[in-house]
Amino acid sequence: MSSISNVSSKRNVVKIVCAALTALSLLILYLIFLGRYVSLANWSSLSQIETWIFITMIIRVIALVALRTRYQFQPLVPIILFSVESLLIPPLLGMYIFTGYAGYAQAMGTILTAWLGVSALVLSPYLAFSFARSMITESSLWGLMTLSILEFASMLFISSVLAKTNQPISGLTGLGAFFVISLRDQISNASVPFASTGLLFSLSALMFYIGLLAHATMGTREAGLELRLHNLLLLPLIATMFIFMWTSVSVAFTSDILYILTIPTLVLAMVVWGVARGKA
Amino acid sequence: MRLTRRGGDYLKASAVTAIISTILDVRIAIALALAMVVAALTSQILLATSSRRNISMRMDNSHVTVFKEEQALGRLAITSRRRRFVSVEVSSVEGPEGIEVRVIERTPDYLTLSFVPRCSGRFQGLVATFVLKDPLQLFHKSIEFSKTDFIIDSLPRSLVTEIKVARPMSLTLGERAGRTRGSGQEFYAVDEYHPETEKKDILWKKVARLPGDQLVARIRESNIPKTLRIGVIKSPRGHTNGANNKGENQLLWMDIACEGAGALGKMLISIGCDVELVYAVGTDNGVGILTSYALDLSELSTAIMEMSVCSLSDSTQAAEIILQSDISITGMKDLEHEPLAREVSKKPALLVEEAEASPYTVGEIAVIYSGTEDVSRLIYAVISR
């Protein structure tokens, strides 16, 4: 019995370490973004709408964190709570259509862009913490991985676009508008959206990779009684070494990530699934 | 090899990660997806190369002896040479029909098993199913191991049940002193003269010395046979026809036969006779007749266990067994066969009770036995012949 509890506690430690590592990788990206925003932001012309959204968003995050320790919420509750501003858009749009008064359209634009900016500023650390928490509690790996990619991609986006600009950003609406413009430009230019270089970005990516790979291979295992974690560690290590070798060989033929990484991944997954005859 | 639930989730996660990351061009996440799949493939190879050659199981005690319905413990040691990477777990252990096997304690190295036999007799074999899982627990496969040399001897309760010994009162034949009054040659005691006492046994000199007119006579000791033979006949007719639940019926038949042999044997040994069990047994050259000799209860229990795995006897072998034995043990259904029923009816017989049996004939000295009946009548009939 003691060996089972030892393995179980070891597995929990692995989960916590992986979650911490992944959260840290997201926080590094957030800190890059925050540092850059603080240096670029112009707070002098902050409107009342921006201030209210900013303050209420902080209150909402604190309330949710505090209440979450006591109550179990439906997943929809935080989504509604954090996007109350977006609910104001349809009535404002209706008013604008009926009255034709330009103030409504302006208010809509301010609310939407301020909300985007505030969300990036206030919600990002909360979402990183929430994701790390779900790494410990969530049992479905595929849901978690999907969430992790979206989380990492959004964090990488806000930090990398801000890292590339030197123009001042006017308050929170300016930040929101900057994100919208960056996203539109990158879609229209069909460029690689989140490709960033830099030591901190690389460090964050590495931590994200290690944290999630270790979590996928070791953290979500069920009680495999007699297998030791250091033996298990060999598998992600072999896999990482293989990727290094594979990419260094395959770049000689093509630089297209689709051929180097995506297609081999899908083909291998099919092979593994096929050999196991797909019985889940 | 099959995917586990986690395996399905893991592969789906890898594929979804690869697709979403490609759309968003998050390269580190595509690399992560490939790493996950490579790790899965390595893990799969490790499991695929693990076979029964890497695993062995051993029972600490390969021959367990226990009384019917009592619990015996055994330890099943498991050795795996791939334990560092492949987890080995015993998913089920099955004993032969009639034995209830339960896992009492489970560790990675051994299982403590409890065996409770429902019927008496000798049971052989143990089948364990091992589930092997890869290091990442994405796949699993099952391997079945059977241990044919494992034997459980379930002794009949009749060997420990208190019995009333039927001591023969008047005997003439036999090679051994019966330790009771009888008609043998040996002096047993001096007692008052009774009309049934032979006149030549009156001790006239002693009578003359006695003050009154009392007559005293010499009492002779009884003689009993040195060895009595119990024949067990299992005919093909009674054991291959009809029954829907053949295995269960066979077990019950042998259980009652063992109980009967135990009751008869114990009684004979307590009287002072040696016991021989006569039965048919399969050999390399076909079915032959074998006898197991028992001088005491320990030897009797061994003999009964050997008898419990007896083979079916054809009519010639059955006739030979009946001829050699003093008491026959057979089933009511076996007596549906006329020649066998006629042969059995000539001697005392213990008949195993069977439902829906319509025997051709049952001898006068026969006990229809269900496991609890008094069998002393048969003993008495044999010894006082």
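Which residues does T173(A) touch, not counting residues up to four places away in sequence? They are E50(A), T110(A), T113(A) and A114(A), where contact means heavy atoms within 4.5 Å. The model is predicted, so local features need pLDDT of at least 70 and side-chain atom pairs count only at pLDDT 80 or more, while totals for chains, interfaces and linings use all residues. Residues are numbered from 1 along each chain as its sequence is written, chains are lettered from A and ligands numbered from 1 in the order in which they are written, and side-chain values use heavy atoms, with hydrogens and water left out.

View 1. T173(A) is buried, with a relative accessible area of 17%. Buried means under 20% relative accessible area, exposed over 50% and partly exposed in between (1.4 Å probe, protein chains only).

**View 2. The side of chain B that touches chain A.** Here 53 residues of chain B are in contact with 54 residues of chain A. About 4,800 Å² is buried between the two chains, and carbon and sulfur atoms give 75% of that area; buried area is the accessible area (1.4 Å probe) that two parts lose on being put together, summed over both. Six residue pairs, both at pLDDT 80 or more, are in polar contact between chain B and chain A. A polar contact is a pair of N or O atoms within 3.5 Å; within protein, one must be able to donate a hydrogen and the other to accept it, and residues adjacent in sequence count only if both atoms are side-chain atoms. The elements of chain B that give two or more residues to this side are β1 (2–3), α1 (5–24), α2 (27–48) and β5 (87–94). The largest share, 19 residues, comes from α2(B).

**View 3. F33(A) in the largest nonpolar core.** This core has 122 residues, and F33(A), Y10(B) and F130(B) have the most contacts inside it. A nonpolar core is a set of buried Ala, Val, Leu, Ile, Met, Phe, Trp, Tyr and Cys residues joined through side-chain atoms within 4.5 Å. Leaving aside neighbours within four places in sequence, the contacts of F33(A) include A120(A), L162(A) and F179(A).

**View 4. D326(B) in the loop between α7 and β16 of chain B.** D326(B) is buried, with a relative accessible area of 14%. The D326(B) side chain reaches the backbone nitrogen of R229(B) at 2.7 Å.

Note on methods. Helix = DSSP H or I, 4+ residues; strand = E, 2+ residues; numbered from the N terminus.
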